[in-house]
Amino acid sequence: MLAKRVLSSISFLLPGSQSAQYRNPDFTKSQLPKQTITLACVDLGQLSAAGIKGIILDLDNTIVSEDDRYLSPGAEAWIQQAKQQGFRFFVLSNGKRQYRVDAWRQRLDVPILSPAKKPFPKSFRRALMQMELAPHQVVVIGDSRHTDVLGAWLVGCSCIQVTTLPHPPRWWEKLCGRLVQIPYPPEQELWDMNGQPARYPNH
Ligand SMILES: [Mg+2]
């Protein structure tokens, strides 16, 4: 038992370990930030250092606003960079517009499951199985506490909550959206769908 724990704690030093070049034994998953502004603000070096090998992403209001007006600045480049570093991806979306999901599956070249019915664990477990990773090797990144954060917690993954991209609020978001989402900061850069700087909307 003790030998197993010692071996697992030094496994990052073994030849062939993907994370050997990044892994800092003093850095743990508990030190990962719980919240950040945008996807591109997530430090890939920190994820590697924490032993993360896979990323489950939310789509709506995390990568693109659900009305398709705004892109999260730098998100696509961040995803490509993460792929080049060996991270595995899976997108779980509660969205039901299949044409849109298909378009983003093609654009990002990552598997997407939709509707994922987050926070229920079934889709998270399917993503873990397809990525061939254990929960402790995966971080969930999304904008909503009641779907992404809760779902990650139910299956034992780490989670980083990003601010929610500006979008027309649903009726319940007008009432209690701030309990489950962090508003996108007005002073923060925002991109329209052509990847150009966009003015902050007035809604
Ligand atoms: Mg979302």
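The model I consulted is predicted.

**Entry 1. The chain overall.** I recorded seven helices and eight strands. Of the 203 residues, 34% count as buried. I also looked up the contacts with a separation of 6 or more, and 60% of these join residues 24 or more positions apart.

**Entry 2. H5 and H6.** Two packed helices are described by the angle between their axes and the distance between the axes. I noted the crossing as right-handed.

**Entry 3. Residues at the crossing.** Which residues of H5 and H6 meet? From H5 I listed Pro121, Phe124 and Arg125, and from H6 Gly151, Leu154 and Val155. Sorted by class, this contact has four nonpolar residues, one polar and one charged.

**Entry 4. The buried side of H6.** I found Thr147, Asp148, Val149, Gly151 and Ala152 to be the buried residues of H6. They lie on the same side of H6, because the arc they cover around the axis is only 165°. I then looked up their partners: the buried residues of H6 pack against H5, strand E6 (138–142) and strand E7 (158–162).

**Entry 5. The end of H6.** I checked the residue that follows H6 and found Gly156, with a positive phi near 85°.

Key: Residues numbered from 1 in each chain as written. Predicted model: local features only at pLDDT ≥ 70, side-chain atom pairs only at ≥ 80, totals over all residues. Left-handed = near helix turned anticlockwise from the far one by under 90°. Helix = DSSP H or I, 4+ residues; strand = E, 2+ residues; numbered from the N terminus. Contact = placed C-beta atoms within 7 Å. Nonpolar A, V, L, I, M, F, W, Y, C, P; charged D, E, K, R; others polar. Buried ≥ 20, exposed ≤ 12 C-beta atoms within 10 Å, placed from the backbone. Arc of directions from axis to C-beta.
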